[in-house]
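Please find below a colleague's note on the structure under review.

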Amino acid sequence: MLTTLLISLIIIVVFIASILFFPSVVIRKHTLKVYSLIPCFGALLLIMFNEIEFSKVVRAFTENTSVNPIKILVLFLSMTVFSLVLEQTGFFEYISTKVLEKSGNNQFVTFISLYIVISVLTVFTSNDIIILTFTPFICHFCKSAKISPTPYLIMEFIAANTWSTLLIIGNPTNIYICGAFGIDFMKYLSVMLLPTLLTVVASLSVMLLLFYRRLKKKMEKCEEHGKITDKPVMIISLVHLIICIVALAVSQYINVEMWIISLLVAISEIISVLICFAVRGRVPSILGKALSGMPFEIIPFVVGMFIIVMALDAGGATVMLAKLLGEHNEIFSYGLMSFISANVINNIPMSVLFSKILSYSSELGVGGIYATVIGSNIGAFLTPVGALAGIMWSNLLRKNGVKISFARFMRFGAVIGLPSILAALIGLSLVL
């Protein structure tokens, strides 16, 4: 177990260093996401040193179980298709600019209006998609309106990672943890509604206090003009998104796994869009751009981290952690520990690790499971390392020439994150 722990620790340190100092490299005009490959390198080392048997790894990726990482990746990437196609049609930008046009020069109205738009869209897409879509838009909008982008970028990040707790599809971590313990779509929603709403009240109140002085300043009229570039494709994508969400909500009643539903609906959308372009005699450029923007870097990242956690489990580390966490005050112990751990190893591997730990706690109720889900989402508040969304957000800020340092993000994250996680866990305690 000592070798496993040593390799895992080195990989975590290198992974965090990569995010901070060299998240990506450009090779012959192609951008390579370095941070996503580091866990794979660690996994290979563990297999080479025989810390985890290769046959066990193959079995874990081929078995028909609810925690098969392939199923999680298929579900997440399939849901991404709908959102990226909508983005390419100008849907998100159009909705946002229409809202901003009615805000005038009042920053408080603009701030709340954008918060509502981002929150609603996060619920029906995912936090990662909202970060990818809205971060460049906010940077351009704030530059045009000659106002500080910081309040709006922080708000976007907090809103996306708050409302991602509401539905099981809002975050890959929700999908994985709930899949591991057989929690269905509607059961999840009934439990997580109150914790999400209390988190909203806590985080939004703190942000309004933090940014009060900046938001008091009047802004210039927004010159952003979003428009729908392809209405038929937008309608096709919206219809498929609605069908997919409804089908996921009733998946337990029709006895079809969620990853199969999302994959079939995504394939249907791609075929429908291709037919739409063929009928009009046009090249399907929107679809090409959408698919090229898919966050495929999540695949090696999840695969590598999953194998590392498998090795830790085989070495007995998860059993030890289960004993340390105990089974008393499970909501707060698992909620706070997952919140902190997400910022050490990122929320996706944390969710895989904690799912193993939870499975060893025989007397544990569902409180620890839902608390871990909450920690996996709100843990993103504390540092950019806490979630894949944070890593993407930081990279997009660099591309758009906006500087929010790691330390500055942490100051905002601590002030907003601590009351938010406490509010969510109190809400969960009231529900359960």
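Predicted model: local features only at pLDDT ≥ 70, side-chain atom pairs only at ≥ 80, totals over all residues.

The points below take up the salt bridges in turn and then the nonpolar surface.

1. Basis of the note. Side chains of opposite charge can pair when their charged atoms come close. Under the distance rule applied here, the count is 4 salt bridges.

2. The pair K71 and E257. These two residues form a salt bridge in which the closest N and O atoms are 2.9 Å apart. K71 belongs to helix α4 (residues 69-88), while E257 sits in the loop between α13 (251-254) and α14 (258-279), so the bridge ties together parts that are 186 residues apart in sequence. With a relative accessibility of 9%, K71 counts as buried because this value lies under the 20% cut-off. E257, at 33% relative accessible area, is partly exposed.

3. The pair D230 and R282. A salt bridge joins D230 to R282, with 3.7 Å between the closest N and O atoms. D230 is found in the loop between α11 (212-216) and α12 (231-249), and R282 in the loop between α14 and α15 (285-292), so parts 52 residues apart in sequence are tied together by the pair. D230 is buried, at 1% relative accessibility, whereas R282 is partly exposed, at 42%.

4. The bridge links distant parts of the chain, with D313 in helix α16 (residues 298-314) and K356 in helix α19 (residues 347-359), 43 residues apart. D313 counts as buried at 16% relative accessibility, and K356 is partly exposed at 29%.

5. The nonpolar surface patch. Which residues form the nonpolar patch on the surface? They are L194, F332, L336, V366, L422, I426, L430, V431 and L432, and together they have about 720 Å² of accessible area. Helices α18 (330-345) and α22 (406-431) each supply at least two residues of the patch. The most is given by α22, with 4 residues.

6. One member of the patch. L430, one of the patch residues, is placed in helix α22. Its relative accessible area is 62%, so L430 is classed as exposed, the cut-off being over 50%.

Notes: Residues numbered from 1 in each chain as written. Heavy atoms only, no water. Patch = residues over 30% accessible without salt bridge, like charges linked within 9 Å, V, L, I, M, F, W, Y side chains within 5 Å. Areas by Shrake-Rupley, 256 points an atom, 1.4 Å probe, with all protein chains shown as cover. Salt bridge = Lys/Arg side-chain N within 4 Å of Asp/Glu carboxyl O. Buried < 20%, exposed > 50% of the residue type's maximum accessible area, 1.4 Å probe, protein only.
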